[in-house]
Amino acid sequence: MFRILQTALVCVVCPPDSCFTNSERLSASCTEFRQGSCLYEPDTGYTRLCVNLRRTGRSRRLLKPTGSKPRFFKEMATVGVDTSGPWTENGCTTFSCLMTDESASSILSLEHLSSEQKVYNVVLKQASIVDRRPRVNSMMDVSPAMVSANGADLLTEAYNRCGEICAEYAKTFYIGTQLMTPERRRAIWAIYVWCRRTDELVDGPNASHITPAALDRWEQRLEDVFKGKPYDMLDSALAHTVSRFPVDIQPFRDMIEGMRLDLVKSRYENFDELYLYCYYVAGTVGLMSVPVMGIAPDSKATTERVYSAALALGIANQLTNILRDVGEDAHRGRIYLPQDELAQFNLSEDDIFAGKVTDKWRAFMKSQIKRARMFFAEAEKGVMELEKDSRWPVFTALRLYCQILDAIESNDYNNFTKRAHVGKWQKLMSIPSSFTLALMPSLPIPRMFSRSLQL
C-alpha cells in the first residue's frame, strides 16, 4: 500500500510512475515544505495529499470549528484547485485526500507564491467566469419572496434604499453612476452597500464588539445571499444583482478576510504582506464591479487585462487611504506602512508615533506616493475598456483619489496632523472633466490631472 508521512514539514510531489515502498526512500526524495506532504498511491493512480495545520500560527488561524474543513482548503479553491475531497480527518488538525498529482502540486506550490501572484490567480479565475458564464435575465435564482406578486415593488424599494446610502456616503461616485443604465446603476449601488456594511463591522461605531465569530456569521450570511436567501432588504438587492450578473462570491469572501486581518494584525513587514491586505479590502471591489459595469463590445483588451486594471485601481485607492490616514491610524496603534521600507529610510515606529515631518519622512513619502501613482496609471489603462456608460463613475473616483496624493504633497507630506482632502470645488470640477474623458477618450488628459498621474 503506502505510508503517509507523519510530519507536515516535508513535501514530496511524486511523478505518476513513482512508487515508494519504505519511509527511508521517501525521506531521501523529500524537499522541505511548511504546509503538507503528498505521496503517490499506485493502487489508485492518485496522489494522497496530507496537510497538518498544527504547526504554525497562521495555520491555526485557518482552522474552523471542529467538524468543519479548514479555511486553508477554501483558499485553494479560489484559484481553481479542486479540494472537494472527500477529505479524511486524521486527528484534530491533520487532513488527507486523494487527488490528481496536478491538483496536489498546485496546492503545495501556492506556499511559494508572492501575494501578487496569488491575487493574480484570483484575477484569472474571475476573468474566466465572465468569459464563460452568460448573464441571467430571470428572477428565478432568488428566494420565492422576491418573486411574489409584490416582489418587484420590494426589489425597487431595496435598490432605492441602496441608492440613498450611496448618495449619502459617496456623493461624487453616486453622481457618476447616473450615466449608467438603470440595471447597472442599481447593481453597483447594491455592491457598494454590501461593501460599506462589511467595512463598518470593523471600522464603525460597534467595531470594538466585533469578534472573529461575528465575521464568520457575516460570511455565512453572504453564502445565503448568493443562494438567493437574503436576510433583509439590503441583502435582497445584492441577491438579485448576483442572479443577473456573472458576479462571483470569491471577492466578497476575500473582503471579509481583510476584515479578519484588521482584528488581529496592525503591522505589515513588507509590501508583499501589504499588497495582499490592499487586495482584500479594496482590490476586491474592482473584481466585484467589472461583471456589472461590463466590457465595451469594441474593446480589444482581454478580460484578464480589464480585471487586472480594476484590481490596480482598488490597490491604488487603498494605498492612498493608507498614506492619507497615517496619523489617524497611529492614534489607534496601527501602522499600515511596510516595516522594511521604513527601515530603508532610517525610520521606525517611534518616528511615526512622534508625528514629526523630517527630510527622511519626506523622502519615504515620495517613494510611497510614486508607487500609488504607478497603480493609478495601470488602472487608467483599463477604464476605457469598460462599457461607455460605466466609465464616468470610475474615472471620477480615480481622479479624485489621485488628487488626494497631490494634497499630501501640498501639505508638505504632513499626514500626521493634516488630513489631505479634495475641496468641494475640485470635486465639482472633476465631474464634468471625467464625463468628457469617459465619452471622448481621444482627448488629452487635462492639465489639472497631469500632476496626479506623473510617475
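Helices (H or I, at least four residues) and strands (E, at least two) are DSSP runs, numbered from the N terminus. This is a predicted model, in which local features need pLDDT of at least 70, side-chain atom pairs count only at pLDDT 80 or more, and totals for chains, interfaces and linings use all residues. Residues are numbered from 1 along each chain as its sequence is written, and side-chain values use heavy atoms, with hydrogens and water left out.

View 1. The accessible surface (Shrake-Rupley method, 1.4 Å probe) is about 21,100 Å². Carbon and sulfur atoms account for 53% of that surface. Take contacts (heavy atoms within 4.5 Å) between residues at least 6 apart in sequence: 70% join residues at least 24 apart.

**View 2. Helix H11 (residues 250–264) packs with helix H12 (residues 271–293).** The angle is about 155°, and the axes, lines fitted to C-alpha atoms over the stretch in contact, lie 8 Å apart. Angles run from 0 to 180 degrees between N-to-C directions. H11 is therefore roughly antiparallel to H12 (over 145 degrees).

**View 3. Residues of H11 meet residues of H12.** On the H11 side they include Phe-252, Met-255, Met-259 and Leu-261. The H12 side includes Tyr-277, Tyr-280, Val-281 and Met-288.

**View 4. Thr-303 is found in helix H13 (residues 303–324).** Thr-303 is buried, with a relative accessible area of 13%. Not counting residues up to four places away in sequence, Thr-303 touches Ala-127, Val-130, Asp-131 and Ile-295.

Notes: Angles under 35 degrees count as roughly parallel, over 145 as roughly antiparallel, 65 to 115 as roughly perpendicular and the rest as oblique. Buried means under 20% relative accessible area, exposed over 50%, partly exposed in between (1.4 Å probe, protein chains only).
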